[in-house]
Every structure is written in structure tokens, then in C-alpha cells.
Amino acid sequence: MAAAETEVLSLLIANSAPDAAETAANPAAAAAVVASRTRSQAQVSKAALAAKLMSLSGVFAVHKPKGPTSAELLNRLKEKLLAEAGMPTPEWNKRQRQTLRIGHGGTLDSAAHGVLVVGIGRGTKMLSSMLSGSKRYIAIGELGKATDTLDATGKVTDEKPYDKITQEDIEGILQKFTGNIMQVPPLYSALKKDGRRLSALMKRGEAVEARPARPVTVYSISLLRFQPPLFTLDVECGGGFYIRSLVSDIGRELSSCANVLELIRTKQGPFTLEEHALPEDRWTIDDIAQSLEHCTSLLPDELAFKKSRSEQSSDQALSYEYITLREAKSEEDAIKTL
């Protein structure tokens, strides 16, 4: 146990020791001592949890539901962990302050759900590899309608017939979207102009120019189901790829139009939705610690890290500071630091 933690626990236990003479003569005093001991034991438990929280380091996966943005989900996760550890409290503010670092390795649209890789502690330094690594999605596209956001959350901008499109037509063009291809990113995206997200500029009604096409990689793509106007795709792609742009481009290639009706990220790097993504009811310090231990074994050797003595000492600190969400500086970087 860290020296700082031992000191805190010793003080709590010593302060809760009852005076035998006082408690024998005064039942009320005895009850007060019992209550004080209970509070002290609770403080001891919270101190241990806080120490464990501050020592967590690595990457793991959570299940992001539909609705919140990736950043909002991180805030929710942060609040649950701090509440479980009893932070903030005046006791911690008196000690050396330390930042709890937490971030995610790739934005998932608010309307989408699925795997979101999270880094904590030194694990935040590993998130750049998650941004550029492979991802897998199940996407349901809707033929005949185009929207400004390229998905069902946007306003319909165009409608075209789709009744003559067949399953063979879709399967026949998928090869054009496989391998190293050029793709124009959507205007509603995390890309930035003058430090501000394009999606935020669009929502405020500001004029935004389309970005030029850029190289992206599609490792595999297959048609799982076709029930006009809906078609379901299974896509594995590299970093910087937009499923919304893919579906829109497929609609255009079929002489129609299309938007994304539903999107699920089923895999990111080695982490799958079924096996590794923690649901919200398991966002606890103990569950995350276990997940970190398991997920570390899934990472390639070049991402493994060893803590130096100074970092180990830092991890053992029982202090913290309020955590502020800020956007990463790089244009495409969806990592958030808390």
C-alpha cells in the first residue's frame, strides 16, 4: 500500500478508536463513537477506491448507446467513477493534486451505437493507434432519400426512385468501394475549420465548403440483406473512413440516393461489441480494472507499456483535480482528454 494511503487510513482508524471510560459512563457518547467508526470505515473504503481509480492505466471498451455524443459518454463515465470513489471531498483537496486522464479513440455518431475504445491514465497515449486502426460496422442504408447529414437525423434534401434497383445491382458495385479508394468526408463531421468542427458550423447556418476527396481504406464490404428500400452492409475499414459517405456514394452509383438509417460499430481494433464492450451497469472501478487486465493481452506488443518508477509513484497518489473536457488539437483527432 502506498505511504500516503497508509497515513490516511491510520489517521482514520486512530480517530475512530473509542474511549472505554467515556462510553461506559455515557451511552450517548458510545452511540456517537459507533457512528463515527462507521463513517471512518466508509472513508477508508472510499480512500481505497480512490487510490485504485487513480492507478488505473490502459485501454478498454465500453458500449456506447444511441443518443449521447462520444464526449458526453465520457463525461457520464467520469462522473460514475468519481462518485463511486467518493471524489471530490475536502480531504483530497488538501493533498497534492493529480489529473485523472481519460479519453476515447474514435468518435461514434450520436445516432450510432456500439464499441467505443477508452483510454485511462497512460492508456490515453495509445489512442492514436485506435484512430488509425481497423473498425467494423453494420450499416442499414435507405434508398431513395438523401439528407444533409447523410443519415436519418438530417433534413431530406433529395428523393429519387429506387424501384428498379436489385440485389445484384448493389452487389455488383461494392467492388468499386473496396481497397484503397478516395472519399469525400461529410460536411457534418468532426473535421475542423479554423479550430471549429464543421458540424457545429453547419448547425449554426454558416457556409462550409466541401472537403476534397482523400485516400481511405476498405478492407472488406458485403451485402447482408436487401429489402427495398433498405439494404444492410457489413464493412471493415481503416481510420478516417465515413460510413455515411459510403452509403451516400452507393446510392449515387445506383442512379438514386441513400442515407444511413442505423449504424452499429461491432469492432474497433481487437475489441468486439459482444466480448469486450462494458455496458453502463458495469462502469465500476473493479469492472474496469478487470477489463484493463484482459484487454492488455489483446494489444500488439508494440503498444504494451511498462511503468517507470516515477509513473508508478504518481499512480499511487491519492489526490485529484477537477477534470475538464477539452477537444484535441489535431484536425481529425477525436481523442478527448479529461
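Q: Let's start with Asp234: buried or exposed?
A: Asp234 counts as buried, at 11% relative accessibility. Buried here means under 20% relative accessible area, exposed means over 50%, and partly exposed is in between, with a 1.4 Å probe and protein chains only.

Q: Before we go on, what sort of model is this?
A: This is a predicted model, where local features need pLDDT of at least 70, side-chain atom pairs count only at pLDDT 80 or more, and totals for chains, interfaces and linings use all residues. Residues are numbered from 1 along each chain as its sequence is written, and side-chain values use heavy atoms, with hydrogens and water left out.

Q: Thanks! Back to Asp234, where does that residue lie?
A: Asp234 is in strand β11. Strands (E, at least two residues) and helices (H or I, at least four) are DSSP runs, numbered from the N terminus.

Q: What does its side chain make a polar contact with?
A: The side chain of Asp234 makes one with the side chain of Arg136, at 2.8 Å. A polar contact is a pair of N or O atoms within 3.5 Å; within protein, one must be able to donate a hydrogen and the other to accept it, and residues adjacent in sequence count only if both atoms are side-chain atoms.

Q: And which residues does Asp234 touch, not counting those up to four places away in sequence?
A: Arg136, Tyr137, Ile138, Ser220, Ile221, Ser222 and Leu224. Contact means heavy atoms within 4.5 Å.

Q: New topic: why is α9 called largely enclosed?
A: Because 8 of the 11 residues of helix α9 (residues 243-253) are buried. Among them are Ile243, Leu246, Val247 and Ile250.

Q: What covers those buried residues?
A: The cover includes β4 (135-143), α7, β7, β10 (214-227), β11 (230-237) and β12 (258-268).

Q: Where does Leu150 lie, then?
A: Leu150 is in the loop between β5 (145-147) and β6 (156-159). Leu150 has a positive phi of about 70° although it is not a glycine. At 17% relative accessibility, Leu150 counts as buried.

Q: And the peptide bond from Pro228 to Pro229: cis or trans?
A: That bond is cis, with omega near 10°. Pro229 lies in the loop between β10 and β11.

Q: How about β1, which strands does it pair with?
A: β1 and strand β3 (residues 113-120) pair in the antiparallel sense over 7 bridges, while 2 bridges join β1 to strand β14 (residues 277-278), running parallel. Two strands pair if DSSP finds at least two bridges between them. Lys64 has Gly114 as its bridge partner in β3, and Ala61 stands opposite Ala277 in β14. Since 6 of the 7 residues of β1 (residues 58-64) are buried, this strand is largely enclosed by the rest of the structure.

Q: Which residues touch the most other members in the largest nonpolar core?
A: Of its 36 residues, those are Leu53, Leu56, Phe60, Leu77, Phe271 and Ile288. Elements that each supply at least two residues of this core include α3 (27-55), β1, β3 and α10 (285-296). A nonpolar core is a set of buried Ala, Val, Leu, Ile, Met, Phe, Trp, Tyr and Cys residues joined through side-chain atoms within 4.5 Å. A second, separate core of 29 residues includes Val218, Cys237, Val247 and Val260.

Q: Last one: how many helices and strands are in the protein chain?
A: There are 11 helices and 16 strands. Of the 338 residues in the chain, 45% are buried.
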